[in-house]
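Please read it alongside the sequence and the model displayed here.

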2 protein chains.
Amino acid sequence: MCSEFDIIHRYFKRSVSGAVLGIGDDAALIAPTTGIELAISTDTLVCGKHFFPDADPYKLGYKSLAVNLSDMAAMGAKPRWVLLTLTLPEDLVKQNIAWLSGFSDGFFALADWYQIELIGGNTTAGALNIGIQIIGEVAAGKALRRSDAKLDDDIWVSGKIGDAALALQHELGQLALHPTEIEQCLPALLTPIARVELGQRLIGLAHSAIDLSDGLMADLGHILTASGKAAWIYMTDIPCSSVLEKYRQQSVVMNCLLAGGDDYELCFTAPKINRRKIDMLSAELAIPLTRIGEIYSGEGLSVRDAQGNAMTLEIRGYDHFRS
Amino acid sequence: MCSEFDIIHRYFKRSVSGAVLGIGDDAALIAPTTGIELAISTDTLVCGKHFFPDADPYKLGYKSLAVNLSDMAAMGAKPRWVLLTLTLPEDLVKQNIAWLSGFSDGFFALADWYQIELIGGNTTAGALNIGIQIIGEVAAGKALRRSDAKLDDDIWVSGKIGDAALALQHELGQLALHPTEIEQCLPALLTPIARVELGQRLIGLAHSAIDLSDGLMADLGHILTASGKAAWIYMTDIPCSSVLEKYRQQSVVMNCLLAGGDDYELCFTAPKINRRKIDMLSAELAIPLTRIGEIYSGEGLSVRDAQGNAMTLEIRGYDHFRS
């Protein structure tokens, strides 16, 4: 049988080159680059809340890191180090060693891509709970904050919105997608792409940024509250996949677009003078970047229809403690 | 009813002065002191494993931070920033708001004592799981590692060992302590003291250090393995409270002393030439520091009785996935 130390040594301990000291002591040691600031964030994935109990462990390992990378992207930080706090059911460790191997493979596939090092963590027995802590570097004073949206800024989003929530609705039986359609949407839910490079390249171009984890309205709302500003967005300008477009008139699908969450695209605000540079960045990175609205003074977020009329919406972002 | 954001704002969000940006954005921002190294560690407390479901929330908040502070102490690092990842049962949030208030009060009582700032975290619904990530500063190249024990080093421990395990055995009904005795031992289990200042003062005096969380034999064993050394310790030299001394001959109590864990005292090795300085430090900090053995070449840990004979022991430290 596998011990706590076996688990760490077999699946997670690797030599480190970008840290002073990795896994195996009371703490890891890193030597930050002189003059930078460190961005530090943590996200937890709970079985039955953030993923189904039978989730593929490889994809789960991948996604657990991706959602944390997304927080670094939203700050414009370069992710460098990561810690992993795993709470694992004893049965899982005893009976399904392939789970740990799959999880670790998925985790390191993404970590290696971004040359991020796992420098520490913790393994305990209990209800399945995956916590990741991520540390990145950003030039002092340059991080993209939620609170810096300026009057007349354009509001942009990266990629396409809503497919993760659409796939989830299908999995929950709230709507029925065609097999080719679900195949097209499912990667957005299971293996989301964090916009790590985009985030770093937006420094100097964008005033504020957030990643879309709770849904477009909730997350853009966080920018507005933190910046003390209002905004309008055009419903028809929100970029979506051809699958979502097909069902767009259904209210459950409209909800995916505005409040779905789990997209991990970036929403950012930038001065109008940077439109051309942002379009060029979009072409260079081959990531769609779409203007969907504008910051103005006051408070609140107004969603407008194709005719420019304010829509009446009953929508809110995901909150773990609201029913 | 309380939302995820309400919980953070009501109980955990405070203004920060020692960080560039605290709770409320995609990541926290810190500006490390030039030329230092950062020590980073994480520890998780799981309900039913690390604490009883009816544990006093104030003491639990206190202990959750204390066990993480202890990791900083063991590196000789000065703790500065902390993140908190709370997974909370929905029922607890809905029906027992006093729990959150108590937990947060206990947590901040200790954080304030050490002037540590809570800069980020995460709150999700699920089985009760308390994760803390702690970040400290240590002069570059000076951290106390497990791997630096040297031949002929003395082996020292701080404080008194075994009371936490003794109290736990009482709570589990494995032995019956007198009410005044359990009152004396229980604080070691519920509100342990991390040796934060001692750890920092041991830099330059000690070669290696670890905190006693898994038990003396297991943790000293980690130093020996990492340093490629062997050691002997005298059973009778291990410092313990008068309560533990009284029951010391019982095998369950001997086990508390050698393998109990949860002590959060420091075990460190230091050259013999520093004996006087360490005794003076002990007097200055009013913390007992006791020599219990010596490092020699080879491998393995030998426990000797009062006559100097090697004892035969069936003992191992705590492992979450071993029965």
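## Helices, sheet and chain symmetry

In this predicted model, helix α2 of chain B (residues 57-75) lies across β7 and β9 of chain B, and its direction makes an angle of about 170° with β7(B). Helix α8 of chain B also lies across strands of chain B, namely β6, β7, β8, β9, β10 and β11, and runs at about 150° to β7(B).

| Helix of chain B | Residues | Angle to β7(B) |
|---|---|---|
| α2(B) | 57-75 | about 170° |
| α8(B) | 216-227 | about 150° |

The strands belong to an open sheet of six with mixed pairing, in the order β7-β9-β6-β10-β8-β11 of chain B. Its edges are formed by β7 (208-211) and β11 (300-304) of chain B, each of which pairs on one side only, and the twist from one strand to the next averages 25°. Within the sheet, β6(B) (residues 154-158) and β9(B) (residues 266-270) run antiparallel and are joined by four bridges, with C267(B) in β9(B) as the bridge partner of V157(B).

In chain A, the axes of α5 (residues 163-171) and α6 (residues 179-190) come within 7 Å and cross at roughly 115°, which makes α5(A) roughly perpendicular to α6(A). This crossing of α5(A) and α6(A) is left-handed. Among the residues that meet there are L166(A) and L168(A) from α5(A), and I182(A) and L189(A) from α6(A); by class, the contact has nine nonpolar, one polar and two charged residues.

As for the two chains, a rotation of 180° with 0.0 Å of shift along its axis superposes chain A on chain B with an RMSD of 0.0 Å, which is the relation of a two-fold axis. The copies meet through the same surface, because 100% of the interface residues of chain A are also interface residues in chain B.

Conventions:
Residues numbered from 1 in each chain as written. Chains lettered and ligands numbered in written order. Predicted model: local features only at pLDDT ≥ 70, side-chain atom pairs only at ≥ 80, totals over all residues. Heavy atoms only, no water. Least-squares fit on C-alpha atoms with pLDDT ≥ 70 in both. Contact = heavy atoms within 4.5 Å. Axes fitted to C-alpha atoms, helices over the stretch in contact; angles between N-to-C directions. Helix = DSSP H or I, 4+ residues; strand = E, 2+ residues; numbered from the N terminus. Parallel < 35°, antiparallel > 145°, perpendicular 65-115°, else oblique. Left-handed = near helix turned anticlockwise from the far one by under 90°. Nonpolar A, V, L, I, M, F, W, Y, C, P; charged D, E, K, R; others polar. Pairing = 2+ DSSP bridges.
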